[in-house]
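Q: Could you take me through the structure shown below? I would like the overall figures and then some detail.

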Amino acid sequence: MKIIGIAGYSGSGKTTLIEKVIPILVREGLRVSLIKHAHHEFDVDQPGKDSYRHRHAGCAEVLISSSKRWALMHELRGAEEPALQEQLKHLSACDLVIVEGYKSEQIPKVEVHRRAGHTPLLYPEDANVVAVATDEALDTALPQLDVDDAEAVARFIVQYLGLNRARLVR
């Protein structure tokens, strides 16, 4: 599996860009998965549902399965948050894993930056940033991609990770 991070500060448009890039990559025949890091407590379960009740009763894991999808919820119950490398082991085989968040991970990243965000850039300090998707010209040797051009961002990811060659050998 190839891995690319989409990193940037909150409100920079990471999720919106990813949402536009994924269908392009899938259209190219790639199997794409995603890991998103949340900095706050979140819940994918709904209060009142059986799975929610079982989890809150004390189950360490609850797996819900249907003919359309399955989901595994794992409660840490005070244990340390697993590292990205541990989380990657839970994914099925795919061509590409997009990682949203995990800004400090040592993986190649496309930084998303918007002028209106008034936030500092990651790339001067983060050597893992391989390109910047932005809406302004920056003084950097890194490739600069138009943050509003999902096709260009997808093309960069495919070329940078050599996914065009990987598809040809299947």
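Predicted model: local features only at pLDDT ≥ 70, side-chain atom pairs only at ≥ 80, totals over all residues.

Q: How many helices and strands does the protein chain have?
A: The protein chain has five helices and eight strands, where helices (H or I, at least four residues) and strands (E, at least two) are DSSP runs numbered from the N terminus. Their order along the sequence is β-α-β-α-β-β-α-β-β-β-β-α-α.

Q: What percentage of the residues count as buried?
A: Of the 170 residues, 38% count as buried, that is, under 20% relative accessible area with a 1.4 Å probe, protein chains only.

Q: Turning to α1, what is the distance between its end C-alpha atoms?
A: They are 20 Å apart, which agrees with the 20 Å that the 14 residues of α1 (residues 14-27) should span at 1.5 Å a residue; the expected span is 1.5 Å times one less than the number of residues.

Q: Which residues of α1 are buried?
A: They are K14, L17, I18, V21, I24 and L25.

Q: And what covers them?
A: The cover includes the strands β1 (2-7), β2 (32-36), β5 (96-100), β6 (109-113) and β7 (129-134), together with the helix α4 (150-161).

Q: What follows α1?
A: G29 follows α1, with a positive phi near 95°.

Terms used:
Residues numbered from 1 in each chain as written. Heavy atoms only, no water. Buried < 20%, exposed > 50% of the residue type's maximum accessible area, 1.4 Å probe, protein only. Contact = heavy atoms within 4.5 Å.
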